[in-house]
Amino acid sequence: NYYENNYKAIIEDQKKTSYEILNKLKEFSVENNKILDYGCGTGVFLYCANNLGYEQLVGVDVSKDAITFAKKHSNNKFYELLKFNTTSELKTQQFNVITFLDSIGHIRNIQNIFKNLIKNRLDNNGERIIVIRTPRINKLYLWYIKSILFFAPNKYLQSLFFMPNRHVVFNQKSINIFLKRFNFEVLSIDYQNDYKSNLNYLNMKSFLKSIIKIVPKIINPNN
């Protein structure tokens, strides 16, 4: 099982990130928020939220294995996406905080899904908060992606550390435009350390090095 094999290697970093987000959330919201973690993975964020006293927590993910793992390691409520959307007692459940932590970029048709979540899952009484954690992609990296997609066979796409399994990417300007489209005001944008290190990678020197490494393999796959 992927999650069983990789969980221990990433759990501490995920916990650190989760507590940073939860501490930031306290600045903008009252305690005991009802939180929906959309794309919850193994449930680490809600595990940390529970440790801080949050009780009304629900995690949803498309992966059956991730949900099984989350249930095994936490007492919070976790559901596969299909069940969450079709089970009668769950269809009317509402929240005042919805989080997309490294998940929003992986969601197909994000415009409609986001719209439906706001309409049907966000409680109109009181504060309504959306928390998004996603890489900030700059223009150089997008050019890098397009170059590799044009020249390289699919098997070399694993060299792209954010791609190709994301259906949408954002930078600071586009995430503001996206949220304002749904009448949300951006209260804060923060850059976490792991994403900062990735952003440092996206400079011309690193770009040229990666091209130099990949081109010989394209010309001679036996290298």
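A crossover is right-handed if, with the strands pointing away from the viewer, the path from the first strand over the helix to the second runs clockwise. In this predicted model, a right-handed β-α-β unit is made by strand E4, helix H6 (residues 110-120) and strand E5.

E4 and E5 belong to an open sheet of 5 strands, ordered E3-E2-E1-E4-E5, in which the pairing is parallel. The edges of the sheet are taken by E3 (77-80) and E5; each has a single partner strand, so one side of each is left without a neighbour in the sheet. On average, neighbouring strands of this sheet are turned by 20° against each other, direction ignored. Strands of a sheet pair through backbone hydrogen bonds, either parallel or antiparallel.

Strand E4 spans residues 97-101. In the order of the sheet, E4 stands between E1 and E5. Strand E1 (residues 35-38) runs parallel to E4 and is joined to E4 by 3 bridges. Within this pairing, Ile 35 has Val 97 of E4 as its bridge partner. Towards E5 (residues 129-133), E4 pairs over 5 bridges, again in the parallel sense. Two of the residue pairs can be named here: Thr 99 has Val 131 of E5 as its bridge partner, and Phe 100 has Ile 132 of E5.

The residues of E4 were also examined for burial, where buried means under 20% relative accessible area. Of the 5 residues in E4, 5 are buried, and the strand is mostly covered. In a regular strand the side chains alternate between the two faces of the sheet. For E4, one side carries Val 97, Thr 99 and Leu 101, while the other carries Ile 98 and Phe 100; both faces are covered.

Two further helices lie across strands of the sheet. Helix H2 (residues 44-51) lies across E1, E2 (57-61), E3 and E4, and runs at about 175° to E2. Helix H3 (residues 64-73) lies across E2 and E3, with an angle of about 165° to E3.

Residues with a relative accessible area over 50% count as exposed. Glu 185 has a relative accessible area of 65% and is therefore exposed. The C-alpha atom of Glu 185 is separated by 9.6 Å from that of Ile 129, although the two residues are 56 residues apart along the chain.

Conventions:
Residues are numbered from 1 along each chain as its sequence is written. This is a predicted model: local features need pLDDT of at least 70, side-chain atom pairs count only at pLDDT 80 or more; totals for chains, interfaces and linings use all residues. Side-chain values use heavy atoms; hydrogens and water are left out. Buried means under 20% relative accessible area, exposed over 50%, partly exposed in between (1.4 Å probe, protein chains only). Helices (H or I, at least four residues) and strands (E, at least two) are DSSP runs, numbered from the N terminus. Two strands pair if DSSP finds at least two bridges between them. Axes are lines fitted to C-alpha atoms, for helices over the stretch in contact, and angles run from 0 to 180 degrees between N-to-C directions. Contact means heavy atoms within 4.5 Å.
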